Amino acid sequence: MDFGFLVVQSLSGLASASSLFVIASGLTLVFGVTRIVNFAHGSFYMLGAYMAVTVVPWLLDFDRSPLLFFCGVLISAAVVGVLGVVMEVLLLRRLYKVPELFQLLATFGVVLMVQDAVLWLWGPVEIPGPRAPGLRHGVEILGQRFPAYELFLICVGPAVLGLLWLLMHRTRFGILIRAATRDREMVGALGVNQAMLFTGTLFLGAFLAGLGGALQIPRVSANSQMDLSIITEAFVVTVIGGMGSVPGAFLAAVIIGQLNSFGVLIFPKITLVLVFLLMAVVLVVKPWGLLGRPEAAAGRAALPEGILATPRFGPWEKVILAVVLVATLAVPVFGDAYTVKVATEVLIFALAAFSLNFLVGNGGIVSFGHAAYFGLGAYAAGLLVTKGGLPMEPALIAAPIAGAAFAALFGFFVVRLSGIYLAMLTLAFAQIAYAVCFQWVEVTGGDNGVVGVWPSAWARSRDVFHYLVAACCILGIAALRHVIYAPFGATLRAARDSEQRADAIGIDVRMHRWLAFTLAGGAAGLAGGLYAFSKGSIDPTLLSIPMSIDFLAMLLLGGMQTVMGAVAGAAAFHTIKDFFMPLTDHWRFFLGASIIALVLIFPRGLSGAYGALRRRA
Amino acid sequence: MAGFTVTRRSALAAGGGLLAGLRPGLAPAQGTPIKIGELNSYARMAAFAMPYRNAIQLAVDQINAAGGVMGGRPLEFIFRDDGSTPGDAVRVAEDLLTREGCAFLAGTFLSNVGLAVSDLANQRKKLFLATEPLTDALTMAQGNRYTWRLRPGTYMQTRMVVEAARGKTQKRWAIVAPNYEYGQSAAANFKKLIGIAIPGAEIVAEQYPALGRVDAGATVGALAQARPDGIFNVLFGPDLTAFVREGNTRGLFERRLVLSLLTGEPEYMLPLGDECPDGWITTGYPWEQVQEAPHKAFIDAYRARFNDTPRKGSVLGYVTAQVVASMLNKANSTETEALVDALADLPTQTIVGPVVMRALDHQGTMGTWVGETVLRGRTGTMRNARYADGANYMFPEDEVRAARPRS
């Protein structure tokens with residue numbers, strides 16, 4: 001390999017890094033100040049690109065000058081910034097007083113709505129943008145041709161870094177941002193107008209995302225899948241750099257850009273998993289990212305989020321429980337074949353969501369990768385049946401064991417962290433598991449998966465299988481609920497509310513969390529095994545990020561503060577989705593709108609609303 | 001949203017009125033309609049799926065206006081989004097079969113979705129006519145009695161492109177393909193076939209970027225570094241646009257022969273705009289060069305009704321409806337076993353010519369157009385394009401017998 005090639009390949013990496021940094025810097029600022037895990041950041045990026053392919057050609061009709069091109073880019077970014085403000089004022093501002101994760105659910109609703117809004121406004125066909133005037137050509141560098149526009153992009157990253165540095169150190173707004181990133185409560189206590197600060201930060205964050213998207217139009221066409229392709233990578237960059245740290249994001253982007261451009265030379269298939277491998281390694285070695293700092297509030301006893309009270313079932317609850325149980329068991333008698341199918345799936349998702357709430361609500365362990373254990377359970381069961389030739393029964397026993405085993409393996413590293421870093425490490429492990437299932441074609445069938453995972457003959461009818469699933473899921477949920485009420489569950493809650501105090505009274509916090517993680521993984525694995533048999537196939541979408549997000553959405557919709565909320569959330573989420581999917585092609589829009597409506601009406605989830613009703617009565 | 005629904009509904013009404021006016025001599029179909037459950041990725045793959053659904057609607061309206069199928073019964077397609085995941089698709093398929101009472105299933109786009117629905121069809125003993133999924137597994141290793149596929153799969157498309165390169169002298173080849181089943185199996189087929197078409201050909205570089213996330217700069221750099229004489233490209237959609245732009249600027253395609261799957265399809269050609277490369281050998285659909293009268297009539301009707309040019313998906317949709325009608329007429333029943341038996345070696349005269357559903361591997365002989373890309377004005381199209389009849393590019397019979405499970 002000659003020297004010129006290495007230089008140019010490294011420049012390619014820098015150009016990608018620069019683009020990635022612009023986007024990630026916005027995300028890291030927003031998280032630093034507001035603590036919002038903003039899934040909609042990728043949507044802002046996509047909107048920036050769509051704005052630019054609309055505005056820039058219109059401007060270039062007047063005059064094909066570079067100046068107008070960059071004016072168009074900045075206008076697009078500013079429009080997106082305003083959209084960010086709209087989201088903050090209309091939606092997020094109403095949610096600052098509820099647990100932080102609800103804002104995540106709200107931004108997830110925004111993602112779904114924007115996806116369909118973009119299809120509706122701009123059509124399904126990807127739209128290529130114009131090339132930048134004056135930067136169309138290639139430049140000879142050491143005998144290799146390199147695009148002039150990418151040389152320009154390489155300069156954009158450091159320029160944005162410099163401007164952000166000036167903003168943060170030379171303006172009052174910037175100083176407030178830094179102060180809020182270090183200690184938000186203290187900034188509020190000093191009388192700073194937080195609403196203005198948050199709105200301003202959202203504008204800046206969305207502006208940077210829009211700028212990142214608009215700058216891409218000479219390279220990639222605006223398309224309706226750009227949001228999801230960028231959002232995970234942007235999160236990875238911010239986490240590796242340290243959430244809230246702009247220089248950290250820059251450093252992380254450069255590392256990822258270089259690893260990517262040289263990684264493809266050695267392992268051409270590496271791009272699928274490389275960033276997640278890097279994130280896992282960094283988080284295991286440096287729990288706060290490269291340049292991040294431990295959260296100032298980490299030592300404080302924060303207001304607990306999650307299950308607060310564990311009341312026994314009262315008479316009303318007993319009635320509801322009985323009605324639900326009877327309805328579940330009566331579905332095959334009264335419902336048609338399709339209703340049975342949907343009810344079976346609701347039961348499976350209820351178990352998965354309940355096991356997630358066991359971690360999130362009861363243990364304070366927010367997992368963004370819970371689908372991994374669901375999917376690995378499904379793979380264990382599916383592969384045993386199709387490749388191992390075993391019948392359904394032993395495969396269903398193997399599913400929770402596999403889920404628990406992998407949860408124990410990954411959890412060993414995960415429980416060493418806390419907060420958002422912990423969540424991102426679970427995501428990294430889930431993506432690594434996903435990549436293995438995706439890439440190990442000989443065993444797992446790759447992304448086509450494996451078909452032929454059907455129940456044993458006796459359980460093959462929809463009705464019998466429904467009762468089998470009902471038995472497994474209800475017993476699973478009852479068992480987990482029992483653990484929540486047992487001393488083990490109370491100990492987890494103690495560790496969630498104050499790790500240091502729990503530690504001081506002699507609780508081995510890590511061991512408890514590790515066991516909880518393993519137990520939840522086992523329950524998710526059982527749900528995954530049942531799911532595989534209900535679908536007849538396994539494939540990597542079972543472990544994918546959208547699946548993990550669906551579980552989170554179910555849990556949040558139901559309410560993470562009550563024990564049984566996740567069950568209601570699973571039923572609501574699945575029913576809403578199943579209601580809108582046959583009605584319209586734009587079902588994602590309505591699913592998103594329903595989620596946002598529910599978040600606004602019931603900011604503590606469905607079960608939270610029920611609890612309020614009960615207290616009033 | 002409301003505006004969207006209204007325009008679509010009024011467009012359908014207008015189209016129906018037009019057709020009724022066109023064929024005054026024939027009695028329209030009456031009686032209980034025959035329902036077909038069509039599931040596809042309408043939300044996620046709308047660029048393909050919308051023209052596909054439009055063309056099915058067009059065909060169904062014409063068939064019904066001309067008297068329907070099975071001696072006068074109307075056809076009715078029930079369209080559903082498959083959610084783009086196997087889990088959702090299987091539930092939607094169950095809905096179509098149980099609640100909607102569809103006689104059989106058709107459609108799907110993604111290969112994993114197609115395979116999952118195919119296995120469900122096998123389990124429930126219902127017919128599944130896969131239209132778009134390209135994976136060879138559907139008709140080979142995972143084939144079953146109830147699953148049939150219409151459009152040429154990965155192997156057939158690769159073979160068409162590679163045989164078009166027969167007689168060329170390029171020996172050093174680089175492969176770039178999206179990192180999932182379609183890309184991997186196209187690459188594997190290419191490795192197998194290129195040595196036959198060009199003796200002494202070798203693979204000098206392979207790149208597999210993640211689908212939808214190509215890092216074009218790094219990929220183009222890595223390919224150029226291997227100094228290949230030719231490039232086999234499997235990228236499509238946004239990945240292709242990014243790859244072509246980067247490659248054009250960096251001169252990757254200069255003095256190199258490029259073989260490319262699907263690039264000539266309007267779905268992927270249109271977004272390239274004036275950056276459409278010159279002289280790539282590719283499969284596609286140059287609709288403006290079509291000469292055959294029935295096909296021209298379809299194109300005219302499609303443009304008149306939808307105010308848009310037809311895409312590759314549109315041809316597939318129309319042929320799908322034609323094959324379905326001919327199957328129902330032959331079976332004269334909606335019983336699954338009768339339908340499956342009717343499909344075996346069923347010949348249909350379609351707008352692209354005769355299409356036979358080969359009984360051996362349940363693969364249709366629908367072909368596609370092979371030619372070279374060329375820029376005319378501000379959009380790309382194909383030159384020297386010819387229709388490659390799928391019948392000449394099927395899997396060899398002994399390979400099918402070895403691969404397909406015996407039933």
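The model is predicted: local features need pLDDT of at least 70, side-chain atom pairs count only at pLDDT 80 or more, and totals for chains, interfaces and linings use all residues. Residues are numbered from 1 along each chain as its sequence is written, and chains are lettered from A and ligands numbered from 1 in the order in which they are written. Chain A is divided into domain 1 (3–295) and domain 2 (317–616), with bounds that come from an automatic or database domain assignment. The contact between the chains takes 56 residues from chain A and 60 residues from chain B; two residues are in contact if their C-beta atoms, placed from the backbone, lie within 7 Å.

**Domains of chain A**

- The centres of domain 1 and domain 2 of chain A, taken over C-alpha atoms, are separated by 32 Å.
- In chain A, 36 residues of domain 1 are in contact with 34 residues of domain 2.
- Helix 4 (101–122), helix 9 (226–241) and helix 11 (274–285) of chain A are the elements that give two or more residues to the side of domain 1 that touches domain 2; helices (H or I, at least four residues) and strands (E, at least two) are DSSP runs, numbered from the N terminus.
- Helix 4 of chain A gives the most to this side of domain 1, with 14 residues.
- By class, this side of domain 1 of chain A has 29 nonpolar, 3 polar and 4 charged residues; Ala, Val, Leu, Ile, Met, Phe, Trp, Tyr, Cys and Pro count as nonpolar, Asp, Glu, Lys and Arg as charged, and the others, Gly among them, as polar.

**Side of chain B that touches chain A**

- Elements that each supply at least two residues include helix 2 (46–65), strand 2 (75–81) and helix 7 (216–225) of chain B.
- Helix 3 of chain B gives the most to this side, with 8 residues.
- The classes on this side of chain B are 25 nonpolar, 21 polar and 14 charged residues.

**Strand 8 of chain B**

- B:Gly230 and B:Phe232 point one way from strand 8 (residues 230–233) of chain B, B:Ile231 and B:Asn233 point the other way, and all are buried; buried denotes 20 or more other C-beta atoms within 10 Å of a residue's own, exposed 12 or fewer, and partly exposed a count in between, with C-beta atoms placed from the backbone.
- Strand 6 (residues 172–176) and strand 8 of chain B run parallel and are joined by 4 bridges, with B:Trp173 opposite B:Gly230.
- Strand 8 also pairs with strand 9 (residues 257–264) of chain B in the parallel sense over 4 bridges; strands pair if DSSP finds at least two bridges between them.
- B:Val258 in strand 9 of chain B is the bridge partner of B:Ile231.

**Nonpolar core**

- The largest nonpolar core has 362 residues, and those with the most contacts inside it are A:Met279, A:Ala350, A:Ala381 and A:Met424; such a core is a set of buried Ala, Val, Leu, Ile, Met, Phe, Trp, Tyr and Cys residues joined through C-beta atoms within 7 Å.
- Helix 16 (residues 419–439) of chain A gives the most to this core, with 16 residues.
- Leaving aside neighbours within four places in sequence, A:Met424 is in contact with A:Phe235, A:Val239, A:Met279, A:Leu283 and A:Phe368.

**Positive phi in chain B**

- B:Lys125 has phi near 55°, a positive value in a residue other than glycine, and lies in the loop between helix 4 and strand 4 (128–130) of chain B.
- B:Lys125 is exposed, with 11 other C-beta atoms within 10 Å.
- B:Asp345 has phi near 55°, also a positive value in a residue other than glycine, and lies in the loop between helix 12 (336–343) and strand 11 (346–350) of chain B.
- B:Asp345 counts as exposed, with 10 C-beta neighbours inside 10 Å.
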